[in-house]
Protein chains: 2
Amino acid sequence: MAKYLNYPVDLLDKFCMEAFGKFGFTEAESRIITDVLMLSDLYGIESHGMQRLVRYHKGIEKGMIKVDAKPDIVFETPVSAVIDANEGMGQLVGHYAMKKAIEKAKKSGVGIVSVRNSNHFGIAGYYAKLACDEGLVGLACTNSEAIMVPTFGRMAMIGSNPIAISAPAEPYPFFFDAATCVVTRGKLEMYNKMDKPLPEGWALDKNGHDSTDASDVLKNIVAKNGGGIVPLGGSGEQLGSHKGYGWGMVCEMFSSIFSLGTTSDKCMQNNKGGICHGFMAIDPAIFGDPAAIREHLSGYLETLRNAPKADGQPRIYTHGEKEHFAMIDRMKNGIDVNENTVREMVDMAEYLKMDVEAYFGDFKAGENKMFSGNY
Amino acid sequence: MAKYLNYPVDLLDKFCMEAFGKFGFTEAESRIITDVLMLSDLYGIESHGMQRLVRYHKGIEKGMIKVDAKPDIVFETPVSAVIDANEGMGQLVGHYAMKKAIEKAKKSGVGIVSVRNSNHFGIAGYYAKLACDEGLVGLACTNSEAIMVPTFGRMAMIGSNPIAISAPAEPYPFFFDAATCVVTRGKLEMYNKMDKPLPEGWALDKNGHDSTDASDVLKNIVAKNGGGIVPLGGSGEQLGSHKGYGWGMVCEMFSSIFSLGTTSDKCMQNNKGGICHGFMAIDPAIFGDPAAIREHLSGYLETLRNAPKADGQPRIYTHGEKEHFAMIDRMKNGIDVNENTVREMVDMAEYLKMDVEAYFGDFKAGENKMFSGNY
């Protein structure tokens, strides 16, 4: 089993801010990128926090992610926009595009923005939350390198294609953020780092048979040998594989199709990300009194939490509840980071000629002095 | 095993038209209701075609469905409307609401309509298709009597909550219509009529344990004893139960939450349906050239169909393909109807004092003369 190291939130935040600054992003840009990554770890979504830094590091190093790129609006109406990210950092165009959707929703009631030629943007939920924080219903989705095998196929042809939806509610918002395949690639990466076999029903080998070998599945995906992750609902129709596959296609519609961008099957080829995103903001005021709608939703969520539990289950969660409590816990107790992820962070810090010891102590020598107060 | 009887499409169409006329609907209204039911059987979605007639019959008989009800628009903006169905027939307000969404999308780019106080409206896909037939992207969803057990629960608290999305494409549209629980209640009703045990992983008994007893599960749902159908993704988090549950909540948002209507847990009580629907139409022209978008989608769908197949699988389907070919087949070869469903249709015809023999021959005596040309 891999070891986890605990770091205070502000240390990781400061580390990201400095690292992205060294990559050439402005302070405002670094703030956005860091916020997206930190929110993921704070929400307990380990796969998309510090764990993902290595991909941004490598993406920038190889020139797939263009640090200086600025997004262009290529088409616009009062309720919509299509944005070309010009191969920039996904978080930056994602933030820009959702802010645009929010602005349109505030004026016109609805805003839908589709983005092409971008890169990995972190958790979709961050962007849905931006809308929710302003009292709107937010939706965000993204395609990705092909990782989902369509029902009855043996090649990954669709991204993990998460869709996130968030809506204001008390005592915490509705926050639903989920890959449309059964699990994310990040989860496979975590199992790989932990040297654990995958649970059954997650992945297929290159011939389309069930596989629990995370390392093999990940290698085959990168090499485009075949295999990948099954849709939500599994590999056959009996448990609804075609439904997860369908939701993956809906994600594709709002991201790559509306923007005339690169579909997942062609993303991440020839050193081009080509990733596409979709955003929607809806002002609940277009249906009446937003406070009444919020109260109605809050009441239903509470009813669900209070519903009778299955034998042996202490509670029923509503979406966003786990994230809410994870954040409270991590703000107080810090964030546990896999030591393999720390190693990647140390490599990145060395590449950027940062003061590694100030953040991680003498990590490479096996010592852990990161709580020396020296940061 | 239950027997299936084959009927020509125009016989079933004529039967529905006459029956709904006898219930008191105008010819135009009967046309809409019949079209929704026929499309379901033509698309091979047996659970929502003739199989569902008995529920409309009983709903009208008991006064839960008000034949004379007319919908009221209770709130409206250029991109939205909230409609009160006043306990009318779901198909009628559904058609009216989606037409309203389409009209708004044509003017404003997007139309979102939320409906409350309605009844069962048939397949959600019919309404999504209405938008698609006019070159738009259509979305339709509905809540229902609680049938989905939330993750870690043992009581059905959420409807089957299907969401359908359709978009123009060649050679046939993208048409995705799926319950957010693993299967529909209609599927359980079919297994019950066929006297077959349910596949594993579909349903829970009243204590929250796995059950394959369709009759028991259905009885418990009606009596609100506990149990029900699991979300897409099963009953545990490992295969994504929380994701199906989340999609069910998204359906609830667009139907019962935005309309301030009845949430699924309170639908179908005290002889009130209370069912709520949600509709969205998006004009692809708000993202650029609709023809280019259609071509881009069509190309991706074709790529998916042509992708490498899993061992032993002859083909990969895209959403709407099966329905397209089912319709061609049934238009030519007629529709197979379960004999238990035919019995319900005969009962309904007798209740309405229709000429039963003209449609079904001497069905009750075990003879099947329905192809006598006497209809």
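Leaving aside its neighbours within four places in sequence, which residues is B:A101 in contact with? They are B:G111, B:I112, B:V113, B:F279, B:M280 and B:A281, where two residues are in contact if their C-beta atoms, placed from the backbone, lie within 7 Å. This is a predicted model, in which local features need pLDDT of at least 70 and side-chain atom pairs count only at pLDDT 80 or more, while totals for chains, interfaces and linings use all residues. Residues are numbered from 1 along each chain as its sequence is written, and chains are lettered from A and ligands numbered from 1 in the order in which they are written.

B:A101 belongs, together with A:A101, to the largest nonpolar core, which has 250 residues and in which these two touch the most other members. Such a core is a set of buried Ala, Val, Leu, Ile, Met, Phe, Trp, Tyr and Cys residues joined through C-beta atoms within 7 Å; a residue is buried if 20 or more other C-beta atoms lie within 10 Å of its own, exposed if 12 or fewer, and partly exposed in between, with the C-beta atoms placed from the backbone.

The contact between the chains takes 66 residues from chain A and 66 residues from chain B. On the side of chain B that touches chain A, the elements that give two or more residues are β2 (72-77), β3 (80-84), β4 (110-118), β6 (163-167), β7 (174-178), α8 (241-257) and α9 (290-305) of chain B, where helices (H or I, at least four residues) and strands (E, at least two) are DSSP runs numbered from the N terminus. The residues of that side divide into 37 nonpolar, 22 polar and seven charged, with Ala, Val, Leu, Ile, Met, Phe, Trp, Tyr, Cys and Pro counted as nonpolar, Asp, Glu, Lys and Arg as charged, and the others, Gly among them, as polar.

In chain A, helix α9 (residues 290-305) has 16 residues and reaches 23 Å from its first C-alpha to its last, close to the 22 Å expected at 1.5 Å a residue, the expected span being 1.5 Å times one less than the number of residues. Its buried residues are A:I293, A:L297, A:S298, A:Y300, A:L301 and A:L304. They lie on the same side of α9(A) because they cover an arc of only 165° around the axis, taken from the directions from the helix axis to the C-beta atoms. On the other side of α9(A), A:A291 and A:A292 are exposed. What covers the buried residues includes β6 (163-167) and β7 (174-178) of chain A together with α8 of chain B.

One of these buried residues, A:I293, has 23 C-beta neighbours inside 10 Å. Leaving aside its neighbours within four places in sequence, A:I293 is in contact with A:P284, A:F287 and A:G288 and, from the other chain, with B:I257, B:F258 and B:L260. By contrast, B:D68, which is placed in the loop between α3 (53-62) and β2 of chain B, is exposed, with 8 other C-beta atoms within 10 Å.

Among the strands, β2 (residues 72-77) of chain A runs antiparallel to β3 (residues 80-84) of chain A and is joined to it by five bridges, strands being paired if DSSP finds at least two bridges between them. A hairpin joins β2(A) to β3(A) through two residues, and the bridge partner of A:I73 in β3(A) is A:I83. In chain B, three strands form an open antiparallel sheet in the order β9-β8-β10, whose edge strands, β9 (210-211) and β10 (228-229), each pair on one side only.
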